[in-house]
Amino acid sequence: MDDCIFCRIVKGELPASKIHEDEHTLAFLNIVAAHPGHALVIVKEHVENLYGLSDAQSAAVFQATTRVARAVKAATGCDGVTLFQANEVAGGQTVFHFHIHVLPRFKEDNLLPFWKASAPGRAELDEMAARLREVL
Ligand code: 5GP
Ligand code: ZN
């Protein structure tokens, strides 16, 4: 993927402020940060989104994210950390190379507008759970 920004960072063709690197993952600071310390954890191989991750990549990227989240917490003194991970345009994804945002959060920073939610009845929940189990 010659024109993928994150592939170019992995190859060293574009600069990045790196935090962590291992066999499968790379973590670096977001150039447009919600707060200082806003990090991105990516898989090194070009995988567009969550659906395409292998089990090994999936395990490695969550392990790296856990370590990065602890580091973000310790280094920034933030009150909390939110992970954000978007898939496809409708999911809010803008860079189509799998990544997880590690966002330092501060009390009342009002960063994320949370979704309006409804509480479906048990029958509806059970019906959806059955559909999901079938696909799995
Ligand atoms: P998404 O919207 O796909 O969840 O997140 C993509 C993120 O990549 C955005 O927050 C954006 O700021 C970040 N980003 C885009 N280009 C670059 C870049 O060249 N370097 C770094 N470090 N981050 C980038
Ligand atoms: Zn890529």
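Biologist: What makes you say that both faces of strand E5 are covered?

Modeller: On one side His-99, His-101, Leu-103 and Arg-105 are buried, and on the other Ile-100, Val-102 and Pro-104 are buried too. Buried means under 20% relative accessible area, exposed over 50%, partly exposed in between (1.4 Å probe, protein chains only). This is a predicted model: local features need pLDDT of at least 70, side-chain atom pairs 80 or more, while totals for chains, interfaces and linings use all residues. Side-chain values use heavy atoms, without hydrogens and water, residues are numbered from 1 along each chain, and chains are lettered from A and ligands numbered from 1 as written.

Biologist: Why is E5 called largely enclosed?

Modeller: Seven of the seven residues in E5 (residues 99-105) are buried, so the rest of the structure largely encloses this strand.

Biologist: How do you know that E3 and E5 pair?

Modeller: Pairing takes at least two DSSP bridges, and E3 (residues 39-43) has four with E5, in the antiparallel sense. Leu-40 is opposite His-101 of E5. E4 (residues 80-84) is also antiparallel to E5, with five bridges, and Val-81 faces Pro-104 there.

Biologist: Why is the site of the zinc ion (ligand 2) called tetrahedral?

Modeller: Cys-4 (SG), Cys-7 (SG), His-46 (ND1) and His-97 (ND1) are its protein donors, 2.0 to 2.3 Å away. Four donors are tetrahedral if all angles lie between 85 and 135 degrees; here the angles are 105 to 117 degrees, so the site qualifies.

Biologist: Is Cys-4 buried or exposed?

Modeller: Its relative accessible area is 7%, so Cys-4 is buried. His-46, at 23%, is partly exposed.

Conventions. Helices (H or I, at least four residues) and strands (E, at least two) are DSSP runs, numbered from the N terminus. Donors are N, O and S atoms within 2.8 Å of the metal (3.2 Å for Na, K and Ca); water is not among the atoms, so sites may look incomplete. Four donors count as tetrahedral if all angles lie between 85 and 135 degrees; four count as square planar and six as octahedral if opposite donors are over 155 degrees apart and all others between 65 and 115; anything else is irregular.
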